[in-house]
Amino acid sequence: MTLVVYPSIHIRFDQSLLYIAGIIKKYLTKNDMNLDELIMAIKEFFSLNGRIIPSMDVIYSIDLLYALNSVKLLENGKIRLVCK
């Protein structure tokens, strides 16, 4: 799978990192999660829709949210949503 940040003519929105980042934000609004919990939750979400998502796409999406100052890493290893 090719790494794509935003959708284009050739990439559907649900295959972009922006879409995955939106799903991550949805999970982080409920509570803080560590990386393993977040990856498992996102993989479970996509498996319900019959898709397999690489773990690196989840990590890239978290990096994207971090670069946008939407999440921060806490000292206990949990990831927190900054802007809800």
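**Basis**

The model is predicted: local features need pLDDT of at least 70, side-chain atom pairs count only at pLDDT 80 or more, and totals for chains, interfaces and linings use all residues. Residues are numbered from 1 along each chain as its sequence is written, and side-chain values use heavy atoms, with hydrogens and water left out.

**Overall fold**

The protein chain has three helices and three strands. Along the sequence they follow the pattern α-β-α-α-β-β. Helices (H or I, at least four residues) and strands (E, at least two) are DSSP runs, numbered from the N terminus.

Of the 84 residues in the protein chain, 36% are buried. Buried means under 20% relative accessible area, exposed means over 50%, and partly exposed lies in between (1.4 Å probe, protein chains only). The chain exposes about 5500 Å², and carbon and sulfur atoms supply 58% of that area. Accessible areas come from the Shrake-Rupley method with a 1.4 Å probe; for residues, only the protein chains shown count as cover.

Three strands make an open, antiparallel sheet in the order β1-β3-β2. Its edge strands are β1 (33–34) and β2 (71–73), each pairing on one side only. Two strands pair if DSSP finds at least two bridges between them.

β2 and β3 (residues 78–81) run antiparallel and are joined by three bridges. Here Leu73 stands opposite Ile79, and Val71 stands opposite Leu81. The hairpin of β2 and β3 has four residues between the strands. In that hairpin, Gly77 takes a positive phi near 90°.

β1 and β3 also run antiparallel, with two bridges between them. On this side Met33 stands opposite Ile79 of β3.

Ile79 and Leu81 form the covered face, while Lys78 and Arg80 form the uncovered one.

Helix α1 (residues 17–28) packs on the sheet and touches β1, β2 and β3. Its direction makes about 95° with that of β3. Axes are lines fitted to C-alpha atoms, for helices over the stretch in contact, and angles run from 0 to 180 degrees between N-to-C directions.

**Salt bridges**

A salt bridge is a side-chain nitrogen of Lys or Arg within 4 Å of a carboxyl oxygen of Asp or Glu. The count by this rule is two.

Arg80 pairs with Asp32, with the closest N and O atoms 2.8 Å apart. This pair links distant parts of the chain: Arg80 is in strand β3, Asp32 is in the loop between α1 and β1, and they are 48 residues apart.

Glu37 and Lys78 form a salt bridge at 3.7 Å, N to O. Their pairing also links distant parts of the chain, from helix α2 (residues 35–48) to strand β3, across 41 residues.

| Residue | Relative accessible area | State |
|---|---|---|
| Arg80 | 34% | partly exposed |
| Asp32 | 23% | partly exposed |
| Glu37 | 34% | partly exposed |
| Lys78 | 25% | partly exposed |

**The nonpolar core**

A nonpolar core is a set of buried Ala, Val, Leu, Ile, Met, Phe, Trp, Tyr and Cys residues joined through side-chain atoms within 4.5 Å. The largest one holds 22 residues. Ile20, Ile24, Tyr27, Leu28, Leu38, Ile42 and Val58 touch the most other members. At least two residues of this core come from each of α1, α2, α3 (55–67) and β3. Helix α1 gives the largest share, seven residues.

Val58 has contacts well beyond its sequence neighbours. Leaving aside those within four places, Val58 is in contact with Ile20, Ile24, Ile39, Ile42 and Ile53.

Ile39 lies in helix α2. Its relative accessible area is 11%, so Ile39 counts as buried.

Key. Contact = heavy atoms within 4.5 Å.
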